[in-house]
Amino acid sequence: MKGRSIKKGVLILAFLLVFFGAAAEHARGIDVEERQASALGTGALEDAVPAGAREILDDLSIQDAQQTGHVTAKLKEALFRSGGSLIQESMRESMQLLLVCALCTLLPSAFALDARWRAGCRLAGVAAMTVLAVQSVHSFGSLCAETIREIGGFSRTLLPVLASAAAAGGAMTSAAAKYAATALFMDVLQAAAERLVLPLVYAYLAASVGAAALENRGLAGAAGLLKWLAVTVLVCISVAFAVYLSLTGVTAGAADAAAVRITKSAISTAFPVVGGILSDAAASVAGGAVLLRNSIGVFGLAVVCAVCLLPLLRMALHYLLFKAVGTLALTVAEGGESRLISAVGGAYGILCGITGAVALMMYISIISVLKVVTVL
Amino acid sequence: MEWIWKAAGIAAAGSVLGLLLRKHAPETALLLAAALTGLLLSVGLDALRAVVRFARTAAELSGVSAPAVTTVLKCCAIAVVTKLTCAFCRDAGQEAAAAALELAGCAAAAYVTLPLLETVLDMIRSCI
């Protein structure tokens with residue numbers, strides 16, 4: 001509570017400094033927007049862009065981010081550049097599992113082996129499929145954790161700058177509240193993803209392997225429970241964040257609107273004639289801060305999108321193709337082998353969900369700060 | 001495909017001959033059965049080779065690591081050899097030998113799968 005009050009106090013102070021300082025400089029003909037950008041530390045924000053996103057966005061600056069068409073073109077270009085190879089990679093990995101599944105099912109049938117020997121061949125096949133799948137899922141788990149860390153690291157620079165810009169535009173209370181909420185939930189989600197959901201994904205995969213190797217319904221049920229648990233944890237954190245952000249937005253937004261109205265009328269009435277001019281000048285300066293806030297917001301959205309784009313696409317392609325191949329494998333293997341392929345697809349789906357939840361949380365947070373009340 | 005007709009002919013002729021020999025010289029009949037099995041396997045060997053070659057080519061094309069496919073193929077080969085030899089032992093009336101061979105075959109299949117299982121354990125250890 002104390003920390004939040006200090007943060008709120010600092011943001012209000014920043015607002016007053018930018019508000020009145022900029023009003024005075026505007027009157028002297030100094031480039032207000034440039035000074036505001038420098039005061040908010042937008043340079044540090046541009047430096048905090050992760051290397052992968054920088055490569056995709058081609059050293060995008062906050063000023064360039066105002067041209068949304070340019071940003072979209074960069075993202076589209078990256079998508080088309082890497083899309084083909086990502087589809088090939090997903091196809092290759094899913095086909096590898098299908099091939100091993102077909103071999104360990106069709107060969108015993110072709111040699112008319114009895115049930116005991118079929119079970120032995122299935123065990124060998126499941127072991128081979130596990131080696132192939134675990135390697136891939138583990139590398140995707142690392143990719144997911146790295147993406148979350150990159151977004152978390154960038155959010156630690158983006159959110160204070162964005163909240164300061166929003167505070168300079170008149171949203172003192174709501175910007176601070178939203179910043180605090182996003183920072184808190186980002187930390188919670190990051191910790192939950194790395195310490196709870198990722199181990200749950202590995203446990204789900206292990207239970208699925210056991211169920212496939214031993215044709216054990218109990219293990220298959222345990223795998224289903226673990227998957228449900230991982231998805232529920234993700235959904236609960238995301239819903240709690242959205243509800244908390246909405247509630248803080250409603251209460252703090254109303255307080256901001258009232259504060260802005262009172263300040264404007266107080267300035268206008270306290271200084272007759274000059275008060276009105278001062279109030280209008282301050283409003284135009286705050287308008288500049290709003291423009292800057294919007295640019296920072298769009299820049300943040302573009303960077304988060306660039307960070308998540310390729311990992312999310314990779315995971316989504318793996319999820320879809322493994323689910324499709326799992327269904328296709330039912331034509332050659334009705335047993336656990338085909339269910340194992342689907343389970344591997346399910347693991348990719350959860351990893352995709354974790355990354356997507358973090359990205360969505362950032363999107364909601366940025367958009368909610370962009371939509372806060374302004375002086376104008 | 002004409003080899004299957006040859007194999008069918010050899011098998012039918014050998015079986016009739018074995019039936020005739022069994023009454024008077026059962027040892028010779030057993031030797032005949034062994035020779036027949038070897039001959040039939042050698043006739044079908046080309047087709048078996050083609051199946052294995054296809055599996056290997058498919059594995060190479062999809063980029064599956066060689067041990068994964070080799071293990072499955074070895075397991076199948078062990079199963080086929082054990083099955084044939086057990087049948088031969090039963091023909092000779094050696095039930096105990098057949099059971100022992102089945103056990104040995106299971107152990108061999110498990111032994112062949114061990115490196116893959118060890119890799120799985122290593123991976124689980126690295127994940128933890």
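In this predicted model, the axes of helix α7 (residues 172–214) of chain A and helix α10 (residues 336–370) of chain A come within 10 Å and cross at roughly 180°. Axes here are lines fitted to C-alpha atoms, for helices over the stretch in contact, with angles from 0 to 180 degrees between N-to-C directions. α7(A) and α10(A) are therefore roughly antiparallel to each other, a term for angles over 145 degrees. Their contact has 23 nonpolar, 5 polar and 3 charged residues. Ala, Val, Leu, Ile, Met, Phe, Trp, Tyr, Cys and Pro count as nonpolar, Asp, Glu, Lys and Arg as charged, and the others, Gly among them, as polar. Helices (H or I, at least four residues) are DSSP runs, numbered from the N terminus.

Residues are numbered from 1 along each chain as its sequence is written, and chains are lettered from A in the order in which they are written. Local features need pLDDT of at least 70 and side-chain atom pairs 80 or more, while totals for chains, interfaces and linings use all residues.

The two chains meet through 25 residues of chain B and 27 residues of chain A; residues are in contact if their C-beta atoms, placed from the backbone, lie within 7 Å. On the chain B side, α2 (26–62), α3 (66–91) and α4 (95–127) each give two or more residues. Of these, α4(B) gives the most, with 10 residues. By class, this side of chain B has 19 nonpolar, 5 polar and 1 charged residues.

The largest nonpolar core has 126 residues, and A:Val100 and B:Val72 touch the most other members. Such a core is a set of buried Ala, Val, Leu, Ile, Met, Phe, Trp, Tyr and Cys residues joined through C-beta atoms within 7 Å, where buried takes 20 or more other C-beta atoms within 10 Å and exposed 12 or fewer. Helix α6 (residues 115–168) of chain A gives the most to this core, with 27 residues. Beyond its neighbours within four places in sequence, B:Val72 is in contact with residues including A:Val100, A:Leu103 and A:Cys121.

B:Leu103 lies in helix α4 of chain B and is exposed, with 11 other C-beta atoms within 10 Å. B:Leu103 and B:Thr82 are 21 residues apart in sequence and 9.3 Å apart in space, C-alpha to C-alpha.

Chain B is divided into domain 1 (1–62) and domain 2 (65–128), with bounds from an automatic or database domain assignment. Their centres, taken over C-alpha atoms, are separated by 22 Å. Between them, 8 residues of domain 1 are in contact with 6 residues of domain 2.

Terms used. Angles under 35 degrees count as roughly parallel, over 145 as roughly antiparallel, 65 to 115 as roughly perpendicular and the rest as oblique.
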